[in-house]
Structure formats: structure tokens, C-alpha cells
Amino acid sequence: MEVTRIRARLSELLAEYGIPSAAVGVLRDGEVTDFAVGIRNVSTREPATTDTIYQCGSMTKTWTALAFMQLVDEGKAGLDEPVRKYLPGFRVADPQVSAEVTPRHLLNHTNGIEEAYGDPGEDDDVYERILQNIAGAPQVHPLGHTHGYSAALGYAIVARIMEVIDGKGWDDIMKDRLFGPLGLTGTSSRPEHVDQDRAATGHLIRSLDEGPFVSPLAYLPRSFGPGGNVTSTVRDVLAMAHVFLDGGKASNGTRIVSAEAVREMTHSRVPVPDPYMFGAEWALGLIVCDWHGETVYAHDGSTIGQNARLRILPDSGIAITLLTNGGPRESFSRKALNEILAELGAVTIPDLPEPDPALKLDLSAYEGAYERPGARYEVQADGGRLWLTLAVDPMQARMLGRPERTTYELLPVSETHFLMPSDDPLEDTQTVAIYDFENGAAQYLHTNCRVHPRAGG
């Protein structure tokens, strides 16, 4: 790979998007190439290196799922056993869900349980407390009915199952089952274990003229641990990716999981209602993408000012990770990854679809409000076109210097899929699915992997 050219192009993209730094790692046929560009903190101006530690955000879910599959291999856990087999007191508002939800539902985000777990604190019993706090949690959708991403709750329940089975805390489980056997030196799950002399600082951006500023939240709460709190380096991320390219083995020859566990993680899939932005299907701790006929496994992650991307191309023997301390910007990641993929002679990421102006839709079927706590989408027809207004939390809007309500036009791609372009230079075009029609009205809106039911439905 021509690293000099890719470094120069990545520097241009960082400047264009106001992202302070990026680290890139490429694993190809067992060999690793890595490099870093930019600074890890705009205040100190310290340069990022290949040893810089970034927050992986939701890429953590791949790590957690991999560790859980070890328990499956050992016969200690089953993907399709009721959660209550391991957590007898497990209960949410819906009695049927309480009795029937399984680890598979949690790992592939089809459990439908609202993330209503309050503040479980920062102590070692955090995941036990989460379970106590969700006794009244309602359903966003019926169990198994549709995909709807769970940022923290689903994998916190998985973590509690792991704790009960292994008799130790989730952080120790990850260290003993994965970080140690993989030979990782820059990966941890707790902020206090991070070497601050190597840690990247997260950054946000309100305008390109102002540039990036240090995030007011250094780390996500501990409740996000199994779903979002792993920190790592590009080489350590690739050590985990190696497991999927080599049938469950680490690069040092250690067997992490069985080949059957890798097949289960990659082939147990559910469709994603909005297939264009991230991938068409969701497996166990992995997104499944179709890039011009080649299957690619992926997971992304975002914290408050840091972002992570992982792409695994088994047919090409390639894994790529991109870690940044700014964003997220999908167009940045797409451009950066495509530069690397093209340099490798590999398949590249498909473009978003084009709108179809010939489509004739009954716009009234889409109109209405779709909401979850913290997010409300209002869809209206006007002038023969469809519009979406996003209402965000006032505190979040103030922090980012954004309006509390923003309206976008929805451009139809099909009867259920839309593009949502933005005039804001800090926003990328998004994709939206509005689907599951009953009595002439759509029941769900799915965007950014999250599902939002029709209000009052």
C-alpha cells in the first residue's frame, strides 16, 4: 500500500471535515500496515501515532459478542435459551418478552425493549442495577418484529448473563477471555485503565470556521460498557478482526472461539429496515454489508467526540480499521475507506442510491410523528413533497449550537426508503425507512439504525 499518498489524502480530508486526527490499520493476508495523521488533542497539539488509544464506542459490541460466544462454545450459554434461564428474576413491562427474550434477540437488536434504565451508577454492580431498573421498561416494538438498535441496554443484559455464568465482573471477563489471550497492550474497558499519555481526546464541532473543540464529556457512562466503552489502538482492533478472518484463531495461534462460533456470528442475520447507510443485515455483534456482490462484515462506534470504523472483507483477506477523535461524518469515513480500498485493489463502498422522481406515493400514509425518549420525527406532506422535522433535546442542541427543530426534505428511493439531504455543511445525507403499513399508515421510522414507532400507535 502506498502509505505516503494515503497519508496525504487523509490529511486533506481531516482538514476538510474539522477532525483533529485519524489512525488507520490494514490487515492483509496476515500482515499489518498502520499509520496516523493529525493531533490527538487540539489544546496540547500532541501528534497522534499508531499507538494512540481511541474510544471504540459501539464497536465494543463486537468484542462483547465474541466473548459471549466463548460461553456458547463451552456449553455454558445458549443463544436461543430464555434470558431467565440465567437471570431468573429478569422482568420488563411485557410478560411475554420477560419470559421469551433470548441472547440472540439482544445481540442482533430485535428485542424491542425501550432503553429506560435510569441512572444505574458507576459501581461494579452497574449491570445488575440496570436489570433492576428495567422492570417497567415498555416495548418499542414486539419481540423479534423488527430491527431497532440498542445503544446500551441489550448488551448490558448480555454482560450480566456473562457475569452470572463466569462469577466475575464484565471488565475482568473481557480482560481474561479476550484482551489477554489476544495479546493486546493498548485495549481496556475502563477509563481509569487507559494510559493517558497515549489517549486521544474527543472533539466536537459547531462550525468549520471555529474548528474542533474538546468534548465536554470525556467518557461515556459505565452503563454503556459492554456496548460502548472499549478503548483500543488500530493494531489491537485488527488483532480482534483477525479472529474473523482465521476461523476463530488469534494471530498468535490462540483459539479464541470455534470456527462454528464465527459462522454463527456472521450468518445469523436479520434484515435492517434502512439498508443503505450501514448495511442490509445485522448479525451477532456485526453489521453485514453487500459491496457490489462481496459480503463485508462491519461495526461502527461513536462516543461524544470519537469514532471508530471496522470493515472485514473475508473474500479478500482484508480488515481495515479507522479511528478518529472527531466526527462522526459518514462521508468522511466513506471517502477515507474508499481511498484505502482502491489502493488495495479491493471492492469499494457503494454510493447511496439515487432518488426516483417517477415514484407516485400516497404521502398521507407516511404523515405523523414517530418518537422515542429523546428523539421525535414529524413527517408532513406539503406541496406534493414529503418533509421530516427532527426535534432534538434542548440541552444537546445548546451544546452543539444547533436549532432544536430542523426540517429536511425526504426524497423517495422506493415506497419505504428515502434520502434525507441537508443544507448544513456539517451534516451528511442520511437515509430513512418508513415502513410496516397498517390501515394505510406506516407504523415505524428507522434511521441511523434506530427504530421509532408511530406516536400513539
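Which side chain does Ser232 join through a polar contact of 2.7 Å? The reply is given in point 2, after a word on conventions.

1. Conventions. The model is a predicted one, in which local features need pLDDT of at least 70 and side-chain atom pairs count only at pLDDT 80 or more, while totals for chains, interfaces and linings use all residues. Residues are numbered from 1 along each chain as its sequence is written, and side-chain values use heavy atoms, with hydrogens and water left out.

2. Ser232. The side chain of Thr187 is the partner of Ser232 in that polar contact of 2.7 Å. A polar contact is a pair of N or O atoms within 3.5 Å; within protein, one must be able to donate a hydrogen and the other to accept it, and residues adjacent in sequence count only if both atoms are side-chain atoms. Ser232 belongs to strand E6 (residues 231-232); strands (E, at least two residues) and helices (H or I, at least four) are DSSP runs, numbered from the N terminus. The relative accessible area of Ser232 is 0%, so the residue is buried; buried means under 20%, exposed over 50% and partly exposed in between, with a 1.4 Å probe and protein chains only. Leaving aside residues up to four places away in sequence, Ser232 touches several residues, including Thr52, Tyr54, Trp63 and Leu323, where contact means heavy atoms within 4.5 Å.

3. Aromatic pairs. The model holds 7 aromatic pairs; rings of Phe, Tyr and Trp (its six-membered ring) pair if their centres lie within 6.5 Å, and planes under 30 degrees apart count as stacked, over 60 as edge-to-face and the rest as tilted. One of them is the edge-to-face pair of Tyr17 and Phe332, at 5.6 Å centre to centre and 70° between the planes. Tyr17 lies in helix H1 (residues 3-17) and Phe332 in helix H11 (residues 330-344), so this pair ties together parts that are 315 residues apart in sequence. Tyr17 and Phe332 are both buried. Trp63 and Phe179 also form an edge-to-face pair, because their ring centres are 5.7 Å apart and their planes stand at 80°. Trp63 is in helix H2 (residues 60-73) and Phe179 in helix H7 (residues 170-179), so parts 116 residues apart in sequence are tied together. Trp63 and Phe179 are buried. Elsewhere, ring pairs link Tyr366, Phe418 and Phe437 into a cluster.

4. A sheet with E1 and E2. An open sheet of 8 strands runs in the order E2-E1-E12-E11-E10-E9-E8-E7, with antiparallel pairing; two strands pair if DSSP finds at least two bridges between them. Strand E2 (31-38) and strand E7 (270-271) are at the edges with a single partner strand each, so one side of each has no neighbour in the sheet. Strand E1 (residues 21-28) is joined to E2 by 8 bridges, and Ser21 has Gly38 as its bridge partner in E2. Helix H1 packs on this sheet, touching E1 and E2, and its direction makes about 35° with that of E2; axes are lines fitted to C-alpha atoms, for helices over the stretch in contact, and angles run from 0 to 180 degrees between N-to-C directions. Leu27 lies in strand E1 and is buried, with a relative accessible area of 4%. Leu27 and Leu238 are 211 residues apart in sequence, yet 6.5 Å apart in space, C-alpha to C-alpha.

5. A sheet with E13 to E20. Another open sheet of 8 strands has the order E13-E14-E15-E16-E17-E18-E19-E20, again with antiparallel pairing. Strand E13 (368-372) and strand E20 (450-453) form its edges, each with a single partner strand, so one side of each is left without a neighbour. Strand E19 (residues 441-447) and E20 pair over 4 bridges and form a hairpin with 2 residues between them.

6. Backbone details. Cys449, in the loop between E19 and E20, has a positive phi of about 75° although it is not a glycine. Cys449 counts as buried at 9% relative accessibility. His292 likewise has a positive phi, of about 55°, and is not a glycine; His292 is exposed, with a relative accessible area of 59%. A cis peptide bond joins Gly327 and Pro328, with omega of about 10°.
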